[in-house]
2 protein chains.
Amino acid sequence: MLTRIDHIGIACHDLDATVEFYRATYGFEVFHTEVNEEQGVREAMLKINETSDGGASYLQLLEPTREDSAVGKWLAKNGEGVHHIAFGTADVDTDSEEIRGKGVRVLYDEPRRGSMGSRITFLHPKDCHGVLTELVTSAPVEPSEH
Amino acid sequence: MLTRIDHIGIACHDLDATVEFYRATYGFEVFHTEVNEEQGVREAMLKINETSDGGASYLQLLEPTREDSAVGKWLAKNGEGVHHIAFGTADVDTDSEEIRGKGVRVLYDEPRRGSMGSRITFLHPKDCHGVLTELVTSAPVEPSEH
């Protein structure tokens with residue numbers, strides 16, 4: 001079951017400049033950064049609020065690391081803007097198979113690694129009224145070391 | 001101060017069909033519908049989660065009521081997809097003036113009426129790395145009648 005807006009993915013040409021825009025304009029701070037070579041992106045997660053399912057909602061700023069990545073091609077065609085939206089679920093495997101069974105194209109055979117150790121998959125935008133839609137299960141919170 | 005992702009605004013050709021897609025695919029239910037003649041849209045709000053600032057995050061599905069509305073023109077150019085993102089604040093007047101003072105173009109002189117009695121304004125997408133950005137202050141919750 002999808003229980004939150006997990007993030008809004010925003011494609012940009014220059015990650016550092018875009019991070020600085022969000023900091024200077026709204027006061028949003030970087031929560032996490034990483035490079036995902038498989039996705040071909042360098043990204044920054046800005047945490048905006050916590051959510052009633054125990055998770056959080058983020059902006060995910062994405063700069064392509066290579067022009068032939070999915071985000072690189074999208075950016076060349078569309079320019080900067082909202083690239084995808086993501087819903088959080090406790091069980092991306094079950095939910096994505098259930099959604100596949102309803103005739104919506106799921107882009108991966110199995111969920112792959114997303115930001116911060118999450119597991120993710122994407123739904124085809126043509127099956128979702130034009131919206132590239134990601135499903136995310138966050139990594140389990142590490143038990144504190146006592 | 002912006003304290004939540006208030007909603008993601010999604011433009012569509014057929015509101016009823018899009019509402020049905022979100023219900024059948026994800027189980028999201030309609031929380032509220034209205035027509036905003038000033039904005040030239042018929043809309044449905046789907047509540048996804050509550051947020052740590054006491055508000056909530058929604059999907060806002062938007063069908064233009066006339067082709068020459070902002071959403072109608074956008075849809076004719078871009079097709080269905082994410083039209084804007086909105087951040088929630090307790091004080092849209094102060095925040096929008098502060099942001100205007102930083103050189104970001106604010107599209108209205110004064111906030112106008114948005115969904116569910118909220119007050120809203122928009123920031124120019126060219127000043128926001130390609131993202132049409134709305135600021136929202138929700139209507140005060142009506143006291144219960146006892």
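Asp6(B) sits buried in this predicted model, at a relative accessible area of 5% (buried means under 20%, exposed over 50% and partly exposed in between, with a 1.4 Å probe and protein chains only). The model is a predicted one, in which local features need pLDDT of at least 70 and side-chain atom pairs count only at pLDDT 80 or more, while totals for chains, interfaces and linings use all residues. Residues are numbered from 1 along each chain as its sequence is written, chains are lettered from A and ligands numbered from 1 in the order in which they are written, and side-chain values use heavy atoms, with hydrogens and water left out.

Asp6(B) belongs to strand β1 of chain B, residues 2-11; strands (E, at least two residues) and helices (H or I, at least four) are DSSP runs numbered from the N terminus. Its side chain makes a polar contact with the side chain of His7(B), at 2.8 Å. A polar contact here is a pair of N or O atoms within 3.5 Å; within protein, one must be able to donate a hydrogen and the other to accept it, and residues adjacent in sequence count only if both atoms are side-chain atoms. Leaving aside residues up to four places away in sequence, Asp6(B) touches Ala56(B), Ser57(B), Tyr58(B), Ala86(B), Phe87(B), Gly88(B), Val136(B) and Ser138(B), contact being heavy atoms within 4.5 Å.

Next come the salt bridges. Side chains of opposite charge can pair when their charged atoms come close. With a salt bridge taken as a side-chain nitrogen of Lys or Arg within 4 Å of a carboxyl oxygen of Asp or Glu, the count over all chains comes to 26. One of them joins Asp53(A) and Arg4(A), at 2.8 Å from N to O. Asp53(A) is in the loop between β3 and β4 of chain A and Arg4(A) is in strand β1 of chain A, so this pair ties together parts that are 49 residues apart in sequence. Arg4(A) is buried, at 6% relative accessible area, whereas Asp53(A) is partly exposed, at 30%.

In chain B, Glu34(B) and Arg113(B) meet in a salt bridge at 3.1 Å, N to O. Glu34(B) lies in strand β2 (residues 30-36) of chain B and Arg113(B) in strand β6 (residues 112-113) of chain B, so parts 79 residues apart in sequence are tied together. Glu34(B) counts as buried at 12% relative accessibility, and Arg113(B) as partly exposed at 45%. Arg42(B) and Glu63(B) also pair up in a salt bridge, at 3.4 Å from N to O. Here Arg42(B) is in strand β3 (residues 41-50) of chain B and Glu63(B) in strand β4 (residues 56-64) of chain B, so the pair links parts that are 21 residues apart in sequence. Arg42(B) is partly exposed, with a relative accessible area of 28%, and Glu63(B) is buried, with 15%. Back in chain A, salt bridges that share partners join Arg4(A), Asp6(A) and Asp53(A) into one network.

As for how the two chains meet, the contact takes 37 residues from chain A and 37 residues from chain B. The area buried between chain A and chain B is about 3,100 Å², with 68% of it from carbon and sulfur atoms; buried area is the accessible area (1.4 Å probe) that two parts lose on being put together, summed over both. On the chain A side, Ile5(A), Tyr26(A) and His129(A) lose the most area to chain B, together 22% of what that side buries. Between chain A and chain B there are 0 salt bridges, but 12 residue pairs in polar contact, both residues at pLDDT 80 or more. Elements giving two or more residues to the chain A side are β1 (2-11), α1 (15-26), β3 (41-50), β4 (56-64) and β5 (81-89) of chain A. Of these, α1(A) gives the most, with 7 residues.

A rotation of 180 degrees with 0.0 Å of shift along its axis superposes chain A on chain B, RMSD 0.0 Å, by least squares on the C-alpha atoms of residues with pLDDT of at least 70 in both. That is the relation of a two-fold axis. The same surface serves both copies, as 100% of the contact residues of chain A recur in chain B.
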